[in-house]
Amino acid sequence: MTAPAAAPPLDVDRVRQDFPILSERVRGKPLVYLDNAATSQKPRAVIDAVSRFYATENANVHRGVHYLSERATVAYDEVRARVARFLNAPSPETIVFTRGTTEAINLVAQSWARGTLRPGDEILVTGMEHHSNLVPWQLVAAQTGAVVRAVPITDAGELDLRAFDGLLTDRTRLLAAVHVSNALGTINPVRWMVSRAHERGIVTLIDGAQSVPHLPVDVQAIGCDFFAFSGHKVFGPTGVGALYGRAELLEGMPPWQGGGDMIESVTLEHSTWARPPARFEAGTPMIAEVIGLGAALDYVETIGHAPIGTWEEELLAYATERFRGLDGVRLVGTAREKASVLSFLVEGVHPHDVGAVLDDDGIAIRAGHHCAQPVMRRLGIPATARASFAFYNTRDEVDALVRGVERVRRVFA
Ligand code: PLP
């Protein structure tokens with residue numbers, strides 16, 4: 001058997017030309033954008049798709065009988081099929097458009113969990129959740145009497161999988177776990193976790209906000225019941241994302257918001273609901289943003305997951321090695337399986353000051369708790385500085401970051 005041909009390497013200089021913002025100067029210096037875990041930059045293809053929609057196709061969807069409305073409706077529904085293919089979901093009807101990961105998780109919390117959970121039932125999260133995959137469960141726990149439990153994490157920022165097994169009990173109704181940690185970069189073994197949960201009949205939700213931009217995702221291979229992601233982190237517009245839900249579960253879930261487009265029939269006294277996914281998309285949706293999301297997913301697939309993965313791994317390894325050689329710098333999050341996130345501390349300097357000095361050099365990183373306060377508390381630190389890479393970042397940019405951190409050390413010596 002011949003081995004599959006290796007994917008051609010990524011031509012980073014070429015792909016950078018697809019992103020107009022990467023040629024901007026910031027504070028008189030070339031922009032070095034290393035805040036991709038917060039939001040990614042947009043290729044021309046996405047910017048053009050959104051502006052072309054407004055310039056030539058804008059109309060409301062699902063309502064009009066006129067040409068433009070029909071065209072907008074077709075374009076909108078095509079992206080649903082596009083997202084389904086991207087996630088390898090079994091059908092477009094299993095994809096609900098939302099404003100992003102946060103809204104997708106709140107939808108499951110309020111539509112599925114609120115009516116399902118009983119006092120004493122347990123929701124299992126992990127100790128490395130973004131607040132988006134923690135606070136909605138705390139809210140629904142307060143509404144139902146359920147209890148939120150968390151899988152502890154190790155000093156390296158990995159899940160304690162032995163503890164995980166012990167936390168799956170007869171009371172556990174839901175496992176809600178992050179695929180890739182935004183604060184630490186850890187890639188969790190979600191396929192294995194989902195299968196352990198399913199052995200006990202536990203429903204599973206995976207927060208894919210940070211995995212979709214870096215890894216090929218196959219919701220059927222993971223086996224999860226729900227999967228959420230945000231468009232803006234995968235090179236698409238802000239204000240749009242999607243929830244994948246297993247058809248049988250979506251079918252049995254009540255609406256969580258009422259309004260136009262989500263009904264079958266309405267009288268003054270009573271309404272009946274449309275089938276999913278329309279049942280969960282009340283009101284005029286984010287049409288242009290959905291069109292932009294479709295263009296973003298097309299773009300990512302044109303570049304290819306394999307070259308993206310290879311390049312990002314190389315960048316992360318290079319950055320990790322360079323940082324390990326820096327005096328007074330500590331990496332936070334050293335899991336064996338990591339996506340391209342580098343959280344770090346500079347001895348004696350608050351992460352916000354690190355960020356401010358780097359900003360003077362035109363380098364954009366993030367400093368803070370990254371909406372993951374329990375992670376910071378567990379590691380006994382208030383915050384970290386975080387550089388997060390996308391496939392359009394370069395070794396030269398890593399070098400610029402390292403020079404910037406050396407300057408931080410000198411400024412605060
Ligand atoms: N989950 C993770 C792991 C994230 O990193 C983020 C955003 O940073 C979210 C959820 C929330 O995403 P959004 O704000 O796009 O809804």
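Begin by selecting Asn88, which is found in the loop between H3 and strand E4 (95-98); helices (H or I, at least four residues) and strands (E, at least two) are DSSP runs, numbered from the N terminus. This is a predicted model, in which local features need pLDDT of at least 70 and side-chain atom pairs count only at pLDDT 80 or more, while totals for chains, interfaces and linings use all residues. Residues are numbered from 1 along each chain as its sequence is written, and side-chain values use heavy atoms, with hydrogens and water left out.

Asn88 has a phi near 50°, a positive value in a residue other than glycine. With a relative accessible area of 34%, Asn88 is partly exposed (buried means under 20% relative accessible area, exposed over 50%, partly exposed in between, with a 1.4 Å probe and protein chains only).

Next, select helix H2 (residues 44-57) together with helix H3 (residues 67-87): their axes come within 11 Å and cross at roughly 160°. Axes are lines fitted to C-alpha atoms, for helices over the stretch in contact, and angles run from 0 to 180 degrees between N-to-C directions. H2 and H3 are therefore roughly antiparallel to each other, a term for angles over 145 degrees; those under 35 count as roughly parallel, 65 to 115 as roughly perpendicular and the rest as oblique.

Show the side chains where Phe53, Thr56 and Glu57 of H2 meet Leu68, Arg71 and Ala72 of H3; contact means heavy atoms within 4.5 Å.

Move to helix H12 (residues 351-360) and helix H14 (residues 395-411), whose axes come within 9 Å and cross at roughly 120°. This pair is therefore oblique. Here Val354, Val357, Leu358 and Asp360 in H12 meet Leu401, Gly404, Val405, Arg407 and Val408 in H14.

Thr394 is the next selection, in the loop between strand E17 (384-388) and H14. What does Thr394 contact, leaving aside its neighbours within four places in sequence? Val12, Arg16, Trp311 and Leu315 are in contact with Thr394, which is buried at a relative accessible area of 14%.

Now select Pro276 and Pro277, where the peptide bond between them is cis, with omega near 5°. Pro277 lies in the loop between strand E12 (271-273) and helix H10 (287-303).

Finish with two cysteines. Cys371, in the loop between strand E16 (366-368) and helix H13 (373-379), has a positive phi of about 55° and is partly exposed at 33% relative accessibility. Cys224, by contrast, is buried, at 1%.
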